[in-house]
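Please examine the sequence and the structure before reading the solutions.

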Number of protein chains: 4
Amino acid sequence: MNPKHIAVLVGSLRENSFSQKIAHALAEQAPASLQLDVVEIGDLPLYNPDLETDAPPAPWQRFREQMKLAQGVIFVTPEYNRSMPAAVKNALDVGSRPYGKNVFGGKPGAIVSSSPGAIGGFGANHHLRQSLVFLDVLPMQQPEAYLSGVDKLLAADGRFVPATAEFLGKFMTAFSTWVDRVARG
Amino acid sequence: MNPKHIAVLVGSLRENSFSQKIAHALAEQAPASLQLDVVEIGDLPLYNPDLETDAPPAPWQRFREQMKLAQGVIFVTPEYNRSMPAAVKNALDVGSRPYGKNVFGGKPGAIVSSSPGAIGGFGANHHLRQSLVFLDVLPMQQPEAYLSGVDKLLAADGRFVPATAEFLGKFMTAFSTWVDRVARG
Amino acid sequence: MNPKHIAVLVGSLRENSFSQKIAHALAEQAPASLQLDVVEIGDLPLYNPDLETDAPPAPWQRFREQMKLAQGVIFVTPEYNRSMPAAVKNALDVGSRPYGKNVFGGKPGAIVSSSPGAIGGFGANHHLRQSLVFLDVLPMQQPEAYLSGVDKLLAADGRFVPATAEFLGKFMTAFSTWVDRVARG
Amino acid sequence: MNPKHIAVLVGSLRENSFSQKIAHALAEQAPASLQLDVVEIGDLPLYNPDLETDAPPAPWQRFREQMKLAQGVIFVTPEYNRSMPAAVKNALDVGSRPYGKNVFGGKPGAIVSSSPGAIGGFGANHHLRQSLVFLDVLPMQQPEAYLSGVDKLLAADGRFVPATAEFLGKFMTAFSTWVDRVARG
């Protein structure tokens with residue numbers, strides 16, 4: 001059986017960001033039933049309805065095409081100013097439009113938020129969830145994933161410490177179960 | 001006495017958006033103690049810490065300089081996907097950085113959200129408020145401004161109907177009082 | 001086939017509240033696959049961990065037993081002070097405890113919020129959703145239900161006007177589909 | 001000069017709760033300009049508009065009278081199910097009513113949230129802030145106070161470790177400044 005394609009959106013645009021490392025670890029830990037692929041969001045022009053012409057910006061088109069092929073979506077994101085980064089919100093706005101063409105609708109979703117501090121990106125995590133209601137993304141509720149002190153979870157070799165790797169593995173197993181559970185009959 | 005300079009950030013990038021019209025109406029209705037000026041946010045590249053070099057993007061620098069001069073800030077915004085538009089979040093992210101150089105800190109703020117539907121941009125309004133906590137913007141709490149059915153509040157001449165204009169006038173008077181109240185002694 | 005039992009929690013404790021009327025209309029409009037029953041929450045003492053003894057308050061025990069039997073849960077609620085009423089939050093707190101005995105976990109859920117004003121209980125609706133993440137309630141995302149101007153949606157005979165009744169019927173049909181979709185195999 | 005009376009609402013009803021201990025530490029650390037007094041909220045019947053007669057429940061009357069005398073309010077609260085405890089929400093609901101008699105309006109406010117886990121009560125903290133908008137409480141924005149791992153912040157003598165005590169002292173000093181700043185001229 002072919003694995004299901006899961007789009008991974010990485011909320012930090014910084015090279016070698018913690019979110020990018022988490023995304024890679026999730027891909028490694030994913031069961032064989034899921035194939036994770038990062039979909040680029042950093043080159044998307046800010047959403048502006050006036051650009052929604054016959055020829056919208058090429059990155060918008062590329063992003064929308066890639067998302068249409070995905071059978072699920074995972075957001076890996078830091079918190080900026082107690083909410084999701086603009087890059088994440090922009091991906092939601094671009095993917096939700098034009099009216100009636102929401103590329104996220106009906107897909108299972110999951111969120112991993114992180115922060116160097118204690119709060120684990122809670123504000124980003126839940127603001128994102130509020131948008132997912134409107135976008136009709138079906139969120140995995142448990143386990144939640146808030147990686148606090150993310151800078152201290154990496155070993156000298158640049159990989160996550162065993163406890164974190166194990167948690168991310170369990171997270172992916174649970175997501176695989178969730179994807180199967182909500183797959184339309 | 002010189003009027004205080006208040007920056008107005010318009011959340012929709014569309015030409016002639018409802019938010020733009022509201023911004024203009026607020027400027028007209030403002031008491032003489034306040035001078036409202038729209039500060040452009042549509043040209044700001046998506047926030048990316050890697051661009052925070054000795055020469056950050058010119059629009060970031062322009063935006064930060066303009067905001068530093070402002071003595072208050074008003075956000076006029078639609079709701080996209082139950083939250084604030086990416087353009088608004090991006091302005092917050094750009095203005096909050098680099099670390100220690102938050103251009104919003106300590107300034108009085110206010111929010112006017114709107115939507116063609118019934119909800120009046122509630123989701124945008126309150127997600128924005130959550131970010132303002134971290135940014136140390138001092139928000140006017142009352143009156144709240146949710147303009148529901150905004151497309152029906154404009155008369156044939158393109159101006160807001162009297163009830164809405166009057167509400168926006170009262171909102172600006174209250175904001176002027178708030179600005180005075182929290183001005184550092 | 002037996003209908004599934006769906007618990008309905010009514011967020012207003014007022015006699016003949018709008019929420020109560022909505023709950024009744026939902027029960028009437030529900031497809032034969034679902035049996036809706038209001039579960040009382042108004043008599044639950046405020047959650048206090050010190051009362052979690054061998055003999056917790058009788059209403060807590062009654063509520064927990066009733067919820068355990070339910071195969072889904074619908075919240076019908078007004079908004080108080082831009083959030084859910086204390087009565088609703090208390091039902092969540094009581095049902096979530098003691099640790100490991102969450103009565104809501106894994107059940108499909110839906111929310112109908114309402115207000116006499118324009119906002120349709122948006123603040124209550126989404127605060128409730130944030131709690132449902134932790135409680136592992138599986139929320140129907142679409143359609144959302146915000147009944148604005150609820151006092152004007154009732155006809156002289158005390159029943160909802162046809163457009164509202166029809167919307168509530170579609171909402172229940174969608175919920176029935178959602179319940180089937182997430183039922184464990 | 002007489003100190004200003006600040007009402008402290010404690011979100012956990014448990015004896016010797018962490019929130020209670022934090023409240024006591026805040027009172028100890030407060031500058032002489034502020035007098036902190038805990039106002040009981042655990043005995044307030046759940047808000048029900050039908051009880052809003054000529055003789056509302058005695059605890060409601062007692063609470064409302066006490067709050068009217070306060071010149072500011074501090075909420076010290078754990079997080080229950082990713083939001084504020086029902087006891088806190090109930091105090092807001094009771095104090096906001098009847099219509100036009102909101103006892104919180106115009107008062108400066110502050111929030112200290114805590115949790116044994118990492119998240120520091122973020123969900124409770126910000127849901128509470130959303131209600132404060134409607135209630136016209138003027139919130140101190142910075143510093144925010146999220147006490148993560150609160151069970152590990154207490155020394156053997158039952159008092160907070162020096163770093164936490166010092167933080168709470170700075171918090172109270174900042175609040176005193178905020179109270180002065182927003183005091184009506």
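The model is predicted, so local features need pLDDT of at least 70 and side-chain atom pairs count only at pLDDT 80 or more, while totals for chains, interfaces and linings use all residues. Residues are numbered from 1 along each chain as its sequence is written, and chains are lettered from A and ligands numbered from 1 in the order in which they are written.

**Exercise 1.** Determine how strand β1 of chain B is paired and how the chain leads from β1(B) to β2(B).

*Solution.* 

Step 1. Five bridges connect β1(B) with strand β2 (residues 34-38) of chain B, and the two run parallel; strands pair if DSSP finds at least two bridges between them. Helices (H or I, at least four residues) and strands (E, at least two) are DSSP runs, numbered from the N terminus. Within β2(B), Val38(B) is the bridge partner of Val8(B).

Step 2. The path from β1(B) to β2(B) passes through helix α1 (residues 18-29) of chain B, and this β-α-β crossover is right-handed: with the strands pointing away from the viewer, the path from the first strand over the helix to the second runs clockwise.

Step 3. Strand β3 (residues 73-78) of chain B is also parallel to β1(B), joined by four bridges. Here Val8(B) stands opposite Ile74(B).

Step 4. Of the seven residues of β1(B) (residues 4-10), five are buried, that is, 20 or more other C-beta atoms, placed from the backbone, lie within 10 Å of the residue's own.

**Exercise 2.** Describe the side of chain D that touches chain C.

*Solution.* 

Step 1. Contact joins 28 residues of chain D to 28 residues of chain C, where contact requires C-beta atoms, placed from the backbone, within 7 Å.

Step 2. On chain D, α3 (86-95) and α4 (122-135) each supply at least two residues of this side. The largest share, seven residues, comes from α4(D).

Step 3. By type, the residues of this side of chain D are twelve nonpolar, ten polar and six charged. Ala, Val, Leu, Ile, Met, Phe, Trp, Tyr, Cys and Pro count as nonpolar, Asp, Glu, Lys and Arg as charged, and the others, Gly among them, as polar.

Conventions. Contact = placed C-beta atoms within 7 Å. Buried ≥ 20, exposed ≤ 12 C-beta atoms within 10 Å, placed from the backbone.
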